[in-house]
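Please examine the sequence and the three-dimensional model shown below. A short report on them follows the display.

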Amino acid sequence: MAKQKKDKSEYLEIYSFAESWVKLQFKWFASDDLKDAYYSSGGKTPNNLNVFGAVFRVLSKNKLIFPFGFTTSRNKVARGRILKTWISLEFKQRQANNASNKSTLKLEL
């Protein structure tokens, strides 16, 4: 029971960090980028590294991030594993606004 509470608190801590972090990302990112930012901010390594996958799943479900493509992992242990890349809701909205501004541009010759 105590392990479940610790795992839950680790998940909540990482999710809270990720929710704030993705809002500031105005380029594509992968799980390696989130992990680097989390650890750089002083975050501790969770007991179960799968918690990062759960965080991405919930961020996607809550429409805070959107799939963008694929890249290879920079982590040597991962040996070039394929990672999904994402963009934030804020970046997606900014790109949509930029595209809509172009269509309303009226040029006269």
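The report below treats the basis of the model, a pocket, aromatic contacts and selected residues.

## Basis of the model

This is a predicted model, in which local features need pLDDT of at least 70 and side-chain atom pairs count only at pLDDT 80 or more, while totals for chains, interfaces and linings use all residues. Residues are numbered from 1 along each chain as its sequence is written, and side-chain values use heavy atoms, with hydrogens and water left out.

## The largest pocket

The largest pocket has a volume of about 440 Å³. A pocket is an open set of points on a 1 Å grid over the protein atoms alone, where a 1.4 Å probe fits, with protein on both sides within 12 Å along at least five of seven lines. Grid points are joined across faces, edges and corners, and the volume is the space filled by probe spheres set on the points.

The lining comprises 18 residues, a lining residue being one with an atom within 4 Å of a point. Ser31, Asp32, Lys35, Phe52 and Arg81 lie nearest the centre of the pocket. Two or more lining residues come from each of α2 (31–40), α3 (51–61) and β2 (82–88), and α2 gives the largest share, 5 residues. Helices (H or I, at least four residues) and strands (E, at least two) are DSSP runs, numbered from the N terminus. By residue type, the lining divides into 8 nonpolar, 4 polar and 6 charged. Here Ala, Val, Leu, Ile, Met, Phe, Trp, Tyr, Cys and Pro count as nonpolar, Asp, Glu, Lys and Arg as charged, and the others, Gly among them, as polar.

## Aromatic pairs and charges over rings

The model contains 9 aromatic pairs. Rings of Phe, Tyr and Trp (its six-membered ring) pair if their centres lie within 6.5 Å; planes under 30 degrees apart count as stacked, over 60 as edge-to-face and the rest as tilted. The rings of Tyr38 and Phe52 are edge-to-face because their planes stand at 75 degrees, with centres 6.0 Å apart. Since Tyr38 belongs to helix α2 and Phe52 to helix α3, this pair ties together parts that are 14 residues apart in sequence. Tyr38 is buried at 4% relative accessibility, and Phe52 is buried at 2%. The terms are set by relative accessible area: buried is under 20%, exposed over 50%, and partly exposed in between (1.4 Å probe, protein chains only).

Tyr39 and Phe52 also form an edge-to-face pair, with ring centres 6.1 Å apart and planes at 75 degrees. Tyr39 is partly exposed, at 30% relative accessibility. Phe17, Tyr38, Tyr39 and Phe52 make up one aromatic cluster.

Charged ends also sit over rings: that of Lys92 over Phe66, 3.8 Å from the ring centre, and that of Arg94 over Phe26, 4.1 Å from the ring centre. The criterion is NZ of Lys or CZ of Arg within 6 Å of the ring centre and within 35 degrees of the ring normal.

## Selected residues

Glu10 lies in helix α1 (residues 2–23) and is buried, with a relative accessible area of 14%. Leaving aside neighbours within four places in sequence, Glu10 is in contact (heavy atoms within 4.5 Å) with Pro46, Asn47 and Asn48.

Lys63, in the loop between α3 and β1 (65–72), has a positive phi of about 60 degrees although it is not a glycine. Lys63 is exposed at 54% relative accessibility. Arg79, in the loop between β1 and β2, has a positive phi of about 55 degrees and is likewise not a glycine. Arg79 is exposed, with a relative accessible area of 76%.
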